[in-house]
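Let's take a friendly walk through this chain, starting with its contacts and then settling on one helix and its neighbours. Keep the viewer open as you read.

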Amino acid sequence: MPVEKIDHALETIKSNGIQNVLALRGDPPHGCNSSETLVAAVLSEHYFAFKLKHVKHMRAKYGDYFGITAAEAHPDVIPANGLATLEAYENDLAYLKRKVDAGADLIVTQLFYDTDNFLKFVNDCRQIGITCPIVPGIMPINNYKGFLRMTGFCKLQIPYFRIQPISQC
């Protein structure tokens, strides 16, 4: 999104008393793959290709008026198999810390179904000095088709649950 449109949106919500913003990279325009979009955006000073620039801009222009929520990795940076390498995971954590250091007040995660992964993520964030609140991303399951679409889009690993029969008294 062009900087002018972002500033217009921020001025509009500010004039309406809204103070909390979730800063997301978002998806590329329809018809463009993410790498084409990012290359075009990086080459232009008039666009924010990465949320770090967006967070820095918001803090520089609006000070502490807005509470800024940052998200962890966009699904585009997650390999197709859903398993990031240790190096990629550590790079993502370092980038997340840069967003927090730039002014993000809160982190929201991708949706997940494995609480052990969430707890590890929170612990890893704390280990590198991220102290702000971390909110788990949730999405209610409305139907099976939607569940499959979102878990595929987010490249989620779905834990295997075995339901134990309840013994009768």
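Of the contacts in the chain with a separation of 6 or more, 79% are between residues 24 or more positions apart, where contact means heavy atoms within 4.5 Å. This is a predicted model, in which local features need pLDDT of at least 70 and side-chain atom pairs count only at pLDDT 80 or more, while totals for chains, interfaces and linings use all residues. Residues are numbered from 1 along each chain as its sequence is written, and side-chain values use heavy atoms, with hydrogens and water left out.

The chain holds 6 helices and 4 strands; helices (H or I, at least four residues) and strands (E, at least two) are DSSP runs, numbered from the N terminus. Read from the N terminus on, the order is α-β-α-α-β-α-β-α-β-α. Of the 169 residues in the chain, 32% are buried, meaning under 20% relative accessible area, with exposed over 50% and partly exposed in between (1.4 Å probe, protein chains only).

Now turn to helix α5, which covers residues 115-127. Its 13 residues reach 18 Å from the first C-alpha to the last, close to the 18 Å expected at 1.5 Å a residue; that expected span is 1.5 Å times one less than the number of residues. Which residues of α5 are buried? They are Phe-118, Phe-121, Val-122, Asp-124 and Cys-125. Seen down the axis of α5, these buried residues fall within an arc of 165°, so they line one face of the helix; the arc is that of the directions from the helix axis to the C-beta atoms. An α-helix has 3.6 residues a turn, so residues three or four places apart point the same way.

The buried residues of α5 pack against α4 (86-102), β3 (106-111) and β4 (134-137). On the face turned away from that buried side sit the exposed residues Asp-116, Leu-119 and Gln-127. Just after α5, Gly-129 takes a positive phi of about 95°.

The strands on either side of α5 in the chain come next. β3 and β4 run parallel and are joined by 3 bridges; two strands pair if DSSP finds at least two bridges between them. The chain crosses from β3 through α5 to β4 in a right-handed β-α-β crossover: with the strands pointing away from the viewer, the path from the first strand over the helix to the second runs clockwise.

Finally, look at Thr-69 in strand β2 (residues 67-71). Thr-69 is buried, with a relative accessible area of 13%. Not counting residues up to four places away in sequence, Thr-69 touches Val-21, Leu-22, Ala-23, Leu-106, Ile-107 and Val-108.
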